[in-house]
Number of protein chains: 2
Amino acid sequence: MNGAESLIRTLLAAGLDTCFTNPGTSEIHIVAALDRIPEMRCVLSLFEGVATGAADGYARMMEKPACTLLHLGPGLCNGLANLHNASRAQVPIVNLVGQHATYHQELETPLASDIEGIARPYSKWLRTSSAATDVGRDAAEAIVAARTPPGQISTLVIAADAAWSEGGSSAAPPRIPQPSMPDTKAIEQAAVMLRSRLRTAILLAGDALYGTGLAAAGRIAAATGAQLFAPYPVTRIERGAGLPPVERIAYVLEQGAEQFKEFRQMILAGAPAPIAYFAYPGKNSAFLPAECDVHTLAEANEDRTGALLSLAEALSVRGQQALAEQAPRPALSDGELSLGGIASTVGALLPENVIVVDESMTSGRGLMAATKGAPPHDWLGNTGGSIGIAMPLAVGAAVACPGRQVLCLTADGSGMYTPQALWTMAREGLNVTTVVFANRSYAVLKREFSYLGIGEPGERAAQMFDIGGPDIDWVQLGKSMGVPAARVTSLGEFAKALRDGFSAKGPTLIEIPL
Amino acid sequence: MNGAESLIRTLLAAGLDTCFTNPGTSEIHIVAALDRIPEMRCVLSLFEGVATGAADGYARMMEKPACTLLHLGPGLCNGLANLHNASRAQVPIVNLVGQHATYHQELETPLASDIEGIARPYSKWLRTSSAATDVGRDAAEAIVAARTPPGQISTLVIAADAAWSEGGSSAAPPRIPQPSMPDTKAIEQAAVMLRSRLRTAILLAGDALYGTGLAAAGRIAAATGAQLFAPYPVTRIERGAGLPPVERIAYVLEQGAEQFKEFRQMILAGAPAPIAYFAYPGKNSAFLPAECDVHTLAEANEDRTGALLSLAEALSVRGQQALAEQAPRPALSDGELSLGGIASTVGALLPENVIVVDESMTSGRGLMAATKGAPPHDWLGNTGGSIGIAMPLAVGAAVACPGRQVLCLTADGSGMYTPQALWTMAREGLNVTTVVFANRSYAVLKREFSYLGIGEPGERAAQMFDIGGPDIDWVQLGKSMGVPAARVTSLGEFAKALRDGFSAKGPTLIEIPL
């Protein structure tokens with residue numbers, strides 16, 4: 001077999017069966033191998049930021065990597081911003097990038113570039129396969145690296161002649177590294193803190209925010225009075241009626257400080273201590289009071305779920321009922337569109353088992369509160385602050401979970417970064433309902449400007465935060481890429497459009513003019 | 001003044017008065033400075049690839065840099081692919097990127113990233129300003145670096161606290177480096193070659209393709225029988241009736257070899273020797289016959305125009321009439337859409353002094369031949385092979401030359417990389433007529449697949465080259481961003497739409513379904 005075929009067979013043997021791609025000439029032999037090997041599902045995107053964001057969403061839901069297949073340095077460049085987000089999400093991605101044939105690389109051709117240099121800032125593992133005989137082995141190592149806890153990006157660059165030459169052999173499924181348990185002292189110390197009855201926060205991340213880990217945290221919280229928190233930029237959190245309630249840390253510095261002012265202890269389960277998103281002149285970036293002790297129960301690369309189970313054991317809370325969210329669902333109401341009314345409508349209508357992808361930024365601030373009592377669902381956030389993640393993430397989540405509905409909450413500012421994702425939703429018939437909060441501005445920047453204490457933006461600054469003039473018509477934009485779309489002008493219309501979206505086969509889009 | 005103000009004042013003092021931007025929180029103090037200093041024109045884009053591509057187009061027409069202003073690592077990531085193209089175009093760009101405050105940088109916040117690492121592959125000059133006192137001086141050095149011949153990208157990263165702190169001072173306008181003349185031996189040798197009367201090609205690049213340089217080359221060609229060529233990926237070329245005819249080298253290897261098979265000498269005026277775009281199994285990548293002598297008259301960073309003038313002097317062709325394009329303009333015809341008919345229509349209607357931006361790829365192959373005899377115009381191409389450059393480049397050219405019409409030739413595959421450029425065209429009222437060849441496929445990849453001798457694409461490969469299903473509706477897409485748009489179904493309709501576009505104030509879009 002040639003190198004290209006050894007690549008695909010190695011990926012499949014290790015359980016990687018989904019590829020988000022936009023290939024080019026230098027990847028054509030890999031495309032030819034994919035042509036012959038139908039077990040790998042290929043999802044085409046019109047822009048590589050969609051492919052990398054989708055690989056992130058897929059990994060968040062599947063807890064295993066998808067691969068990408070990108071065209072040389074420029075294709076990688078276009079995928080880089082969502083790799084930034086994925087690196088912060090700590091998800092596994094096997095990022096495949098084509099390269100010119102080895103003997104063509106030193107020539108100053110138009111598409112020549114320093115691919116490894118471009119990949120390095122976001123690749124925890126990075127290698128170029130320059131011979132067919134190496135490709136299978138390198139792919140296996142890339143998979144192991146990607147799946148090294150907590151999950152990371154490995155980039156494998158494949159020279160065209162390594163792909164097209166004979167001599168490849170597929171590697172056996174590699175041993176996947178498992179996270180190690182933290183030191184027992186770390187668990188004992190957490191138990192001591194929780195028994196102290198001082199006001200204690202437990203900050204969860206990664207798989208501690210869903211499934212077994214979250215259930216254990218819920219039992220610990222119920223038994224000890226500790227409160228559960230999630231980072232502001234959350235990778236994935238399971239929430240809703242009957243599940244342990246977890247409060248997300250606020251984005252705004254003062255609000256975060258307010259959340260923690262009564263706390264004297266914080267236990268970190270795979271999360272870093274909270275810190276301000278940005279620095280502001282003359283302001284302290286710390287969220288925690290000086291007298292709050294911070295203890296690491298588990299590092300991000302350790303077994304967070306195992307640590308919480310051991311902690312529950314140490315506290316003898318095995319039989320304890322976990323904390324369970326009891327919040328009522330908001331009522332539906334009609335009338336004028338308002339952010340509160342929109343949030344209530346989402347809270348009232350959210351179906352069970354939906355995956356919510358949230359990049360609604362300023363407009364969506366009330367959404368988590370309004371959906372506390374909704375049936376259990378997953379919530380995925382923007383982990384790295386690079387906007388334009390929501391629709392790609394929704395693509396990946398929908399590909400990963402074809403039986404579930406995806407609600408994608410985005411805004412006109414962030415949505416315009418990767419609108420091409422709508423086309424992939426239409427092509428693949430993905431069950432994604434995209435809600436666009438169209439406030440015609442980079443509202444967060446207006447707020448940040450004022451927040452800096454340099455007065456209100458003048459006319460020229462305001463122009464740089466204003467994305468009306470022309471307003472983006474999301475109904476036409478959605479339809480231009482094959483996604484049925486509607487603009488709503490009242491809460492009643494929004495409720496109807498949302499219900500229609502949840503019951504539709506394939507994607508829909510709802511524009512909410514604000 | 002603070003660092004931000006010293007930055008803007010230094011740029012303005014050096015003649016940089018245009019900024020293509022999408023700023024964020026870390027750049028807010030620079031936005032505040034721009035708010036107070038109206039001399040800097042700010043052009044907002046909804047995606048950074050539009051900003052960097054526009055800076056490229058601006059530089060090609062103005063022969064001086066614009067600046068960008070990008071938000072942290074992710075904003076830079078999004079601008080990187082068109083910086084790839086700009087680096088191949090050898091144009092000057094002062095690429096400004098915000099960074100967290102110095103004391104915030106080591107924290108693992110969501111938006112933290114290795115900005116210098118991301119910038120390095122495409123930045124010939126790279127520095128981070130970490131103190132207000134340094135910003136003016138660093139900006140001046142960035143300008144000098146960008147304007148070092150032939151033109152390059154310099155990236156200046158500005159820490160937020162360097163921008164907001166007092167103590168800045170604007171730098172005096174720096175001395176701009178001028179290209180040096182090549183060695184007289186290089187000129188004498190070229191003269192000897194041209195006097196030999198062996199079949200000789202002169203390959204021009206940079207400013208040798210327009211104005212004084214091109215005129216000198218035209219006189220040399222007329223006097224010696226040499227033939228003028230341009231690289232396939234052309235930055236800017238002035239062409240049309242009465243101007244020296246320059247033939248572009250073909251993209252396809254065999255066609256390029258055919259162009260040069262009779263040539264025994266090639267003189268390089270700032271261009272590298274032609275080489276195949278991609279490598280193909282078992283094929284030689286060389287365009288030139290083995291017996292063709294190649295001589296460098298001027299390197300890219302030398303004075304190409306000066307070298308041609310000296311060469312004309314050495315050949316005593318000062319009074320010589322330059323070669324002048326005599327090709328007839330094609331006739332207008334009505335009837336069914338065909339690539340030939342479309343090319344003829346463009347050739348028949350192209351107004352004088354238009355700027356043509358060409359990324360029409362496979363569909364546009366007949367366009368240069370059909371426009372040979374059109375009134376004088378400039379032609380800008382995709383220099384780096386990273387698709388998605390045309391509409392951003394058109395934005396930059398239109399901002400640079402408000403008195404000229406811009407014809408932007410793109411396709412559905414490449415256009416979908418940076419559709420956000422349409423919004424900037426609408427907002428700024430730019431005189432750009434965008435023609436989208438909608439062939440519903442990555443046609444170049446279909447051809448490349450067949451070309452590799454691995455058979456025709458199967459069903460799965462064909463799916464990866466097919467971007468129909470759903471077809472992109474460019475009329476709705478254009479209108480969604482405020483650009484009047486129409487789909488044409490005959491050559492007559494196309495001619496009318498093209499005429500309307502050239503006479504419109506502001507942008508229009510024409511979709512040609514193929």
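Residues are numbered from 1 along each chain as its sequence is written, while chains are lettered from A and ligands numbered from 1 in the order in which they are written. In this predicted model, local features need pLDDT of at least 70 and side-chain atom pairs count only at pLDDT 80 or more, whereas totals for chains, interfaces and linings use all residues.

Chain A has 514 residues and a radius of gyration of 24 Å, which agrees with the value near 24 Å for a compact globule of that length. The radius is taken over C-alpha atoms, and the globule rule is 2.2 Å times the number of residues to the power 0.38. Along the principal axes, the C-alpha atoms of chain A fill a box of roughly 65 × 60 × 45 Å. The secondary structure of chain A comprises 20 helices and 18 strands. Helices (H or I, at least four residues) and strands (E, at least two) are DSSP runs, numbered from the N terminus. In chain A, 66% of the 514 residues are buried. A residue is buried if 20 or more other C-beta atoms lie within 10 Å of its own, exposed if 12 or fewer, and partly exposed in between, with C-beta atoms placed from the backbone. Contacts are pairs of residues whose C-beta atoms, placed from the backbone, lie within 7 Å. Of the contacts in chain A between residues at least 6 apart in sequence, 80% join residues at least 24 apart.

The domain assignment divides chain A into domain 1 (3-164), domain 2 (184-314) and domain 3 (339-513). These bounds come from an automatic or database domain assignment. The centres of domain 2 and domain 3 of chain A, taken over C-alpha atoms, are 28 Å apart. Each of these two domains of chain A gives 17 residues to their contact. On the domain 2 side, strand 9 (residues 237-239) of chain A supplies the largest share, three residues.

Chain A superposes on chain B by a rotation of 180 degrees with 0.0 Å of shift along its axis (RMSD 0.0 Å). The two copies are thus related as by a two-fold rotation axis. The superposition is by least squares on the C-alpha atoms of residues with pLDDT of at least 70 in both copies. The same surface serves both copies, as 100% of the contact residues of chain A recur in chain B. The contact takes 81 residues from each of chain A and chain B. Helix 4 (residues 72-89) gives the most to the chain A side, with eight residues.

Helix 1 (residues 3-13) of chain B is largely enclosed by the rest of the structure, because nine of its eleven residues are buried. Among these are G3(B), E5(B), R9(B) and L11(B). Partners of the buried residues in chain B include helix 2 (28-36), strand 5 (125-129) and helix 6 (132-146). Just after helix 1, G15(B) takes a positive phi of about 90 degrees.

Helix 16 (residues 421-428) of chain A is mostly covered, with seven of its eight residues buried. W423(A) and R427(A) are among them. The buried residues pack against elements of chain A including helix 3 (48-62), helix 14 (390-400) and strand 18 (508-513). G429(A) follows helix 16 with a positive phi, near 60 degrees.
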